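Dear colleague,

I am passing on the structure that we talked about, with notes to read beside it. Please keep the sequence open while you go through them.

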Amino acid sequence: MGKVNYLDTLNAPQREAVTHAGGPLMIIAGAGSGKTRVLTYRIAWLIEQEVDPFNILALTFTNKAAGEMRQRIEAVIGNDAKNLWMGTFHSIFAKILRFEGKRLGYTSDFTIYDTDDSKSLLRSIIKEMNLDDKVYKVNFVLNRISSAKNALISWEAYTQNPIYIEEDKAAKMPELGRLYKTYVMRCFQANAMDFDDLLYNTNVLFRDHLDVLNKYQHKFKHVMVDEFQDTNVSQYLITRKLSAVHQNICIVGDDAQSIYAFRGANIQNILNFKADYPDLKVVKLEQNYRSTKTIVNAANSVIAKNKEQLEKTVFSENEEGSKINIIKATSDNEEGNLIASDIFEEKNNHGLKNTDFAILYRTNAQSRAFEEALRKRNIKYRLIGGLSFYQRKEIKDLLAYLRFTVNQSDIEAFKRIINLPKRGIGDTTVAKIVVTAAENNLRIWDVVSNIHQYVAGRVSSTIDDFATLIKSYGLMLEEGKDAHTVASYIAKSSGLTKELYEDKTVEGLSRYENVQELLNSIKQFVDNSESDDKSLSAFLQTVTLMTNADEDDDGDQDKVTLMTIHGAKGLEFKNVYIVGMEENLFPSQMMLARRSDLEEERRLFYVAITRAEKKLTLSYAESRYNYGRLNYCEPSRFLEEIDKEYLQVARNRFVSYSNMEDRNDQPAKQTRAVSGFVKKDSIKSNLKPVSKSTPPANHVPSGDFVASDTSILKEGDKVEHPKFGFGLVIKMDINGTDRKATIRFDTQGEKTLLLSFAKLRIL
DNA sequence: TCATAGCCTTTTTTT
DNA sequence: AAGGCTATGA
């Protein structure tokens, strides 16, 4: 690789950013302006200027972004790239806390609590404190605690602040401060940090231990932050402190793409950056190389309304490109079908590959209809986000065993595994152990391993057996057995895999395979992890901090991408579909309820639009399932906000934008539909609201019975229906995604049931 | 005291 | 749709 070659490929502002010698630098990078290239070249350039990679810290928001950047740097600079300190905020500071956590009273084996752990812990605290969980909602309380931590407000400060006390009293939640305190104490006692703690504690570490701060300040001669618009106060302070000595801070961001305020991101960080660094050098990258003029202009027309912005003009010199298509569907299933057929046609007509397509939605729950439609057409897809591999029950169960083996204070892991597989230890006993530990300031392990002192009776010997089991795992680790060996042994000897192995249902089989898959990934980690730390706790850390975007990657297969708009940040695709363009969905209901200005939702829309290189399609449905209920939907106001000149009057069966306006003349159909019962013979027109009262004879109850996966039902199956009794399936009609079964019931004669509503037990 | 069936509530995005 | 909660029976 020639030394200077790559500089020639850059435009003037890009080159200026790459070769900025030192001192604070802010790169305002519009969408598609070659930001990643600039960042990677800058790092490569610094290394050419004799800066040791070891002294460069580069912070990103996803592991994937970090990994890609490292690869690209390697391509320019070679093996040296390995020594860079590059990763997500959370993973880099988790690493530092593993080294330095002793100063704060944590061991180097501390557990990282994920959101489920945090919620579970909080739930039990609320219960213990005898608070009403209808008033103190777990999600709300956790959010409150999280915001406090991200703003660096300790529980001490929180409970002493008269403003918060008043606020909480007014909100009828005077105990929030105490909850915060208890939550923090419990985490500490469990030798655990939640996601926010990783940043919060880093701040505490740097504040209270100046020698540590000093060490890292001198180590990191250059600090770079990607996606700076998404940093919160806590992250901002860390980067400022770390760069205080050398003053070589380089931030890259785009205020127009700030979409993480909900988790504490503070757009002011980038808007006010100049105020913090008077001799700041600012470089603006405004030329978009990614998208057509139409797409760039349409995107600009969307955020033109936003008030809080840095001045910049993103423009494209690419071709004009085709206009933006709008598709109207009658239902969410039809939306899936229309998009899938469109992908099919586009592939045939323009010789595109699956990887050229992305379907972007506002919420993960929307993926279902698209998955079904794509599967039906044999189009391969990959789903990013949603319930990830590591959130599956069987995986979390085994991970909990591993966690408890590594960190025997980990209460949440303990609660998960103590009665799994069933040992006859119930909630009462577990609660007793947890409370005993908390009251006597002991580790969970201290209580469990001396259970006879605390709990009398039959259970105590069962718990003894459990303790012996865990002890044997700990011993294996001490003997230096590698993570994979220990994990496989745990899976087998705990009885977890045995239980799954004996479950011969389809789900049981896949659960068993998942566990094997997890063991494989541990093996991989042990065999060829890049880092030198191959301990079990290192593995657990990578798993917890893994982003949704990091999973999958089963080779470079040709697949359509399905993901949320949030997940799509930083990516690009030739053809993009933004689906579910409906009021209350996008913009989301929550946003509409909470804030009058929709600036962040609008920026989200902007991010979605600018993912497209060649062609953009927007779609919405007139009705949609939500929590098992069918609802009517209005087209999103965002459709109105795009400059009309960029919109396409769609062909043939697609409904044009002007037709959409006509729709507004009709009376609004706001009725909530299908609450409880649905007409069995109204497949296409099952949108009519049906009363909640007693069903007429031709209706089928839709309440819970034994849920069965309707896709496995076959002719000849014997079934039981909650109302009609036992029956035999004599005919199956499969029409698109709608499935009907004609069943002969012993007493009721033949009935045809729409399976999405009928709940049958297969006998 | 524990296990289970069925009822009830939830309501976005992610490290 | 899914996970927590509660009543019920063992």
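What follows is an account of what was found in the structure.

This is a predicted model, in which local features need pLDDT of at least 70 and side-chain atom pairs count only at pLDDT 80 or more, while totals for chains, interfaces and linings use all residues. Residues are numbered from 1 along each chain as its sequence is written, chains are lettered from A and ligands numbered from 1 in the order in which they are written, and side-chain values use heavy atoms, with hydrogens and water left out.

I begin with helix 27, which runs over residues 506-528; helices (H or I, at least four residues) and strands (E, at least two) are DSSP runs numbered from the N terminus. Its 23 residues should span 33 Å at 1.5 Å a residue, and the end C-alpha atoms are 32 Å apart, which agrees; the expected span is 1.5 Å times one less than the number of residues. Among the buried residues of helix 27 are Asn514, Val515, Leu518, Leu519, Ile522, Phe525 and Val526, where buried means under 20% relative accessible area, exposed over 50% and partly exposed in between, with a 1.4 Å probe and protein chains only. An α-helix has 3.6 residues a turn, so residues three or four places apart point the same way. The buried residues of helix 27 pack against helix 19 (393-406), helix 25 (483-493), helix 26 (496-502) and helix 28 (536-544), contact meaning heavy atoms within 4.5 Å.

Asp255 sits in the loop between strand 7 (249-253) and helix 14 (268-271), and with 1% relative accessibility it counts as buried. The side chain of Asp255 makes a polar contact of 3.4 Å with that of Lys312; such a contact is a pair of N or O atoms within 3.5 Å, of which, within protein, one must be able to donate a hydrogen and the other to accept it, and residues adjacent in sequence count only if both atoms are side-chain atoms. Leaving aside residues up to four places away in sequence, Asp255 touches several others, including Gln229, Glu308 and Arg603.

Thr36 belongs to helix 3 (residues 35-48) and is partly exposed, at 27% relative accessible area. Thr36 and Met69 are 33 residues apart in sequence, yet their C-alpha atoms are 7.3 Å apart in space; not counting residues up to four places away in sequence, Thr36 touches Met69 and Arg72.

Some backbone features deserve a look. Most residues other than glycine have a negative phi, and most peptide bonds are trans. Glu50, although not a glycine, has a positive phi of about 75°; Glu50 lies in the loop between helix 3 and strand 2 (56-60) and is exposed, with a relative accessible area of 73%. Asn191 likewise has a positive phi, of about 55°, but Asn191 counts as buried at 8% relative accessibility. The peptide bond from Phe586 to Pro587 is cis, with omega near 10°, and Pro587 is placed in the loop between strand 15 (573-578) and helix 30 (589-594).

Finally, as to cysteines, a search of the whole structure finds 0 disulfides, a disulfide being a pair of cysteine sulfur atoms within 2.5 Å. Cys250 is buried, with a relative accessible area of 3%, and Cys633 also counts as buried, at 11%.
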